[in-house]
Structures are given as C-alpha cells and as structure tokens.
Amino acid sequence: MQAEVKLTSIQWAQVTLAFLMLLTLFTYYTLQQKNEEVAQTQFEARKVELIVAIEHRLETYTQALRSGLGFFQGSTSVNRTEWHNFVKTLQMQTIFPGIQGLGYTEFIRPEDRGRYEQAIRDEGFPDFTIRPEGARDLYSSITFLEPFDLRNQQAFGYDMYSQETRRSAMDRARDSGKPSISGKVTLVQEITDDVQAGFLIYLPYYGPGAPPSDIEERRKKIIGFVYSPFRMGDLMKGVLGPGIPDMQFQIYDGTTTEAAALMYDTAPTHADPRATAKYSHLIPSRFAERDWL
C-alpha cells in the first residue's frame, strides 16, 4: 500500500521559500568565507610589503654609507670641500629620500682635543668646540655632515660617544666591523616643534688598507665612523610614499610595545591599532644589529 503526499500551492510556496532561504544563507556564508580568505591574503601580503619596503630602504642607505667609507679609504685625507662635493653627487634628497644627512665622526683623545678644535676653527668656524663640555677619557666629534643645513649645523662638533644609546651602537659597529643601528634617540637636529623619534646608522672606519680581522685589532685601529642620522617620520614618508591602503602600523624600538619605545605611528591619535583592527600581528624584525617590532 503506497501513501500519496500532495502539497497545496501554499505548501509548495513555503517549501520553495525555505529552499531559497537556505540557498541564500549558503551563498552568503560561502561569499563571507571567500571574502575572509581574500582579506586575510591581502593582510599577509601587506605585512610582507611593509617589511620588505623598510628592509630595502635601510639596505639602500647602508650602501650610501659604504660609498662614503670607500671615499675615505681611497683618499690619503678628506677635507670639508671634498666631502661636500662627494655627498652632493649622491643627490641624497632624490635618490635617498628620508635620510637626514651623511656624515663622518671621529675619535679624539683628550691630549689631541685642543689641536683638533683649533684646526676646525681655522677652517672658518671660530666658535667651534666639542660638545657637550666636560672632561672625558675619549671624545668623538662630528666633523662632517652634509647637507650642512640649519638642522645639521646643530650636530656639528657633537660628541655622540658621550651619550649611552649612541655609544652602544658605535661600540657594536666597532667590534663587528658591520653597520649598526642605534636605539631610539632625539636627534640634536630637532630644533622645531615637529619633534620626531630618531636613530642613527654607523659604519666603522679603521683607516686605509685591509679591515682588521678580530675585535682586539678593530678596537685598536678604530678611527671613526661614516654615519647617517634619521628622523623616523621623514624616513617612513620616504619608504612608503602615500602609504599602504587600509593598514595602520606602529614601529617600536626593541622588543616591547611600551609607549617609551614607540618610534612611529600611522594612527594620528596614537591609539593602538590592534584595538579596532580586523587583523593584527606583531612582527619581530632585526635591521643592522638592532631589534624592531
């Protein structure tokens, strides 16, 4: 005996509507999943884009330092005019946007300080002195820094070795023979209200000839550093141009997200982007012997 089931037109409409609703929900869920996958893929791609852009630009700036080091190593001596002309040919503002300058700082022993300062004064800087004042076992002095504009003139004669954060990076560069990035600092070039976090990259100069092969010899032969100062906001503007669409990010010095370590923030209110972001990720990075997050 067979049962026959018949549906009225109303029941058919209800079944059809239920089917269409299920189909709509399935389609919506499928599209949501697809959109989620696309968004996640875009986020991952932009993470890579950001890191690669920073790495590439810092490597480019390091090459500028190497060219400066080569200029010193290929010369019996370098004077102020020669350094000015050398840096001018690099067209830094065009080829290296975001760099504050290219300079040379050298170590000065206490017994040589008076002679060194007088030599600089004789070049047309009658008030020149190594700063800050005070007796120290070893001085460094920024001898050249181009372009020699108003900001960079503030650094002329500054003893970077007298400041702990800078000294630590200089010591790392000296001992390794490699470029070294400093921790977060406020550059002495900050003379306006637009104060930005800064850092420096140092490349050691041991004099002409083959570079020393071990730490003891490097410490003995170190003469100074070819170096560059950076203002973080200017650097990132040069790295990213108009920016990366739909992405906010922060850069911290070191390995923590403490407020004191914050070097750069795309969020104008300095609010933590992770609080409202659909996706977020902490990316430990290391550039020239320095950790960034």
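**Exercise 1.** Is arginine 151 buried or exposed?

*Solution.* Before starting, note that this is a predicted model, where local features need pLDDT of at least 70, side-chain atom pairs count only at pLDDT 80 or more, and totals for chains, interfaces and linings use all residues. Residues are numbered from 1 along each chain as its sequence is written, and side-chain values use heavy atoms, leaving out hydrogens and water.

Step 1: recall the scale, in which buried means under 20% relative accessible area, exposed over 50%, and partly exposed in between (1.4 Å probe, protein chains only). Step 2: read the value for arginine 151, which is 18%, so arginine 151 is buried.

**Exercise 2.** Find the salt bridge between glutamate 190 and arginine 151, and say where each partner lies.

*Solution.* Step 1: apply the rule that a side-chain nitrogen of Lys or Arg must be within 4 Å of a carboxyl oxygen of Asp or Glu. For glutamate 190 and arginine 151, the N to O distance is 3.6 Å. Arginine 151 belongs to helix H5 (residues 150–153), while glutamate 190 sits in the loop between strand S3 (180–181) and strand S4 (198–205), so the bridge ties together parts 39 residues apart in sequence. Step 3: check glutamate 190, which is buried at 13% relative accessibility.

**Exercise 3.** How exposed are the two partners in the salt bridge of glutamate 133 and arginine 113?

*Solution.* Step 1: confirm the pair, whose closest N and O atoms are 3.3 Å apart. The two residues are 20 residues apart, with arginine 113 in helix H4 and glutamate 133 in the loop between helix H4 (113–121) and strand S2 (139–146). Step 2: glutamate 133 has 55% relative accessibility and counts as exposed, whereas arginine 113, at 13%, is buried.

**Exercise 4.** How many salt bridges does the structure hold?

*Solution.* Step 1: the total is 18. Step 2: look at another member, arginine 286 with aspartate 291, whose closest N and O atoms are 3.0 Å apart. Aspartate 291 is partly exposed, at 28% relative accessibility. Step 3: look for shared partners, and you will find Arg151, Glu190, Asp194, Arg231 and Asp234 joined into one network.

Terms used:
Helix = DSSP H or I, 4+ residues; strand = E, 2+ residues; numbered from the N terminus.
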